[in-house]
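These are my notebook entries on a single structure, written down in the order in which I looked things up. The sequence and the model come next.

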Amino acid sequence: GYGFNKSHSAAYAFLAFATGYLKAHYRVDFMAALLTSETGNVAKVVKYINECRDMKIRVLPPDVNASFCNFTPDGDAIRFGLGAVKNVGESAVDAIVKAREEHGSFRSLYQFCEKVDLGSVNKRVIESLIRAGAMDSMAGTRSQLILAVDSAVESGMRSFRDRESGQAGLFGMVDAAEEHPDPPLPKAPEWTPRDKLQGEKEMLGFYVTGHPLDQFEDKICELSSHTSANLEGLAKGAEVALCGVLTAIQRKRNRDGKPWAAMQIEDREGAIEALLFTTQYERLAPMLAEDQAVLVRGTALPEEGSAPKVSVQEIVPLEVARVPLPSLISVKVRLNRNGLDRASELSTLFAAKPGETQVRLRLESAGDFTVLLDVPAKVRPDKAFRAEVERICGMDTLEVLGS
């Protein structure tokens, strides 16, 4: 007869049904609204961007020629909002959208500065937009645009003063379609992919167009046992292996004056705090480099009421980390079974996973014969390869013969 819990159950059941329906039938709109509701909460935004990736929904970077203030649907994708860029306020976004709607897409930095109200969009805002990648759709590279900001802002202010004073300027009589050409952009080497990603991280709080771990995807799949998102519930001292980027490194000293360090390990799922205690500090201190992609082996440090931490025992830069693969494997193939064309499937798999490991097929006909056959193809028997072998030939059909 107690009604409070029943009323809560009814209300939450309705909300669960409504949001579940929207997520199932209006996926892009629902996730765009969800991301917008968490703007400013980096951990939640990263979580939902990863969920979009799992749902095969692309999250496009911010773009002055396409973005609005919030996350918005863009076809089958979601476009990042300009309001999420550091130093870019709502008034600046309104000025950009207004100019875009009045004059069309911005073709260059100079035209942008001439059309947008520079009272709302100052030099700092423009530099933040460039670093966030929000001006990549305009002419020039990010490094060129950064060097041209002062000149473009000065040109824009000149145009504004001419309009305010009623002077059309030298090109005032020319048809709008024949606007004067922009000054050439400064010559400058393009930023490295790492520099671009760092700019995005600085301006947005996370990476958008890529991730420092992208180039190590195969290694991460083989070497990591956990991610920052699935450490909950581990017993104290449980061994973990995480692949991520070291950030927020703080070197400290304990009461005895001995050094230790605290840091964040960031991966695609989020971030986890890691501690390098005095006993391991001297040995691993040279490995502590900000923004370095590493493999961290350690033990779990669960904490009641807060996220678990990791006690660091080993740090290996992913650039030099090795994936231990065997020199010889055996694959058991049971003959006279209905189902897949195993020979064709295995041949396709071997071609898709070239490597240095030799393969021996163990052909078995139940109660009849067994034949060993060394095949010429050499493969890379990583986790994905082993999973495919199990799918094709069944469980426990792959055996390591040589280390």
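I worked from a predicted model, in which local features need pLDDT of at least 70 and side-chain atom pairs count only at pLDDT 80 or more, while totals for chains, interfaces and linings use all residues. Residues are numbered from 1 along each chain as its sequence is written, and side-chain values use heavy atoms, with hydrogens and water left out.

**Entry: Lys332**

I looked up Lys332 and found its place in strand 9, residues 328-334. For accessibility I took buried as under 20% relative accessible area, exposed as over 50%, and partly exposed as in between, with a 1.4 Å probe and protein chains only. Lys332 has a relative accessible area of 23% and is therefore partly exposed. Contact here means heavy atoms within 4.5 Å, and, not counting residues up to four places away in sequence, Lys332 touches Arg362, Glu364, Cys393 and Thr397. I also noted that the C-alpha atoms of Lys332 and Pro61, which are 271 residues apart along the chain, are separated by 47 Å.

Ala274 is found in strand 6, residues 270-276, and, with its relative accessibility at 0%, it counts as buried. Leaving aside neighbours within four places in sequence, I listed its contacts as Ala261, Ala262, Met263, Ile265, Val310 and Val312. Its C-alpha atom is separated by 43 Å from that of Ala377, 103 residues apart along the chain.

Beyond four places in sequence, Ser311 is in contact with Leu275, Phe277, Arg297, Gly298, Thr299 and Leu301.

**Entry: helix 1 against helix 2**

How do I describe the packing of helix 1 and helix 2, and at what angle do they pack? Helix 1 (residues 4-25) and helix 2 (residues 27-37) pack at an angle of about 120°, with their axes 5 Å apart; axes are lines fitted to C-alpha atoms, for helices over the stretch in contact, and angles run from 0 to 180 degrees between N-to-C directions. Angles under 35 degrees count as roughly parallel, over 145 as roughly antiparallel, 65 to 115 as roughly perpendicular and the rest as oblique, and the two helices are therefore oblique to each other. From helix 1, Thr19, Leu22, Lys23, Ala24 and His25 meet Arg27, Phe30 and Met31 of helix 2.

**Entry: nonpolar cores**

I defined a nonpolar core as a set of buried Ala, Val, Leu, Ile, Met, Phe, Trp, Tyr and Cys residues joined through side-chain atoms within 4.5 Å. The largest has 53 residues, and those with the most contacts inside it are Leu109, Phe112, Ile126, Leu129 and Met135. Two or more residues come to this core from each of helix 2, helix 3 (42-54), helix 4 (90-103), helix 5 (109-115), helix 6 (123-131), helix 7 (142-165) and helix 8 (193-204). Another core, of 20 residues, lies apart from it and has Ile272, Tyr281, Val310 and Val312 among its members.

**Entry: loop residues**

Phe80 has its place in the loop between strand 3 (77-79) and helix 4, and its relative accessible area of 1% is why I marked Phe80 as buried. Phe80 and Asp63 are 17 residues apart in sequence and 7.7 Å apart in space, C-alpha to C-alpha.

Glu38 lies in the loop between helix 2 and helix 3 and is buried, with a relative accessible area of 18%.

Lys56, found in the loop between helix 3 and strand 1 (59-60), is exposed, with a relative accessible area of 73%. Its phi is near 65°, a positive value in a residue other than glycine. Asp291, in the loop between helix 10 (278-284) and strand 7 (293-303), likewise has a positive phi, of about 65°, although it is not a glycine.

Definitions and conventions:
Helices (H or I, at least four residues) and strands (E, at least two) are DSSP runs, numbered from the N terminus.
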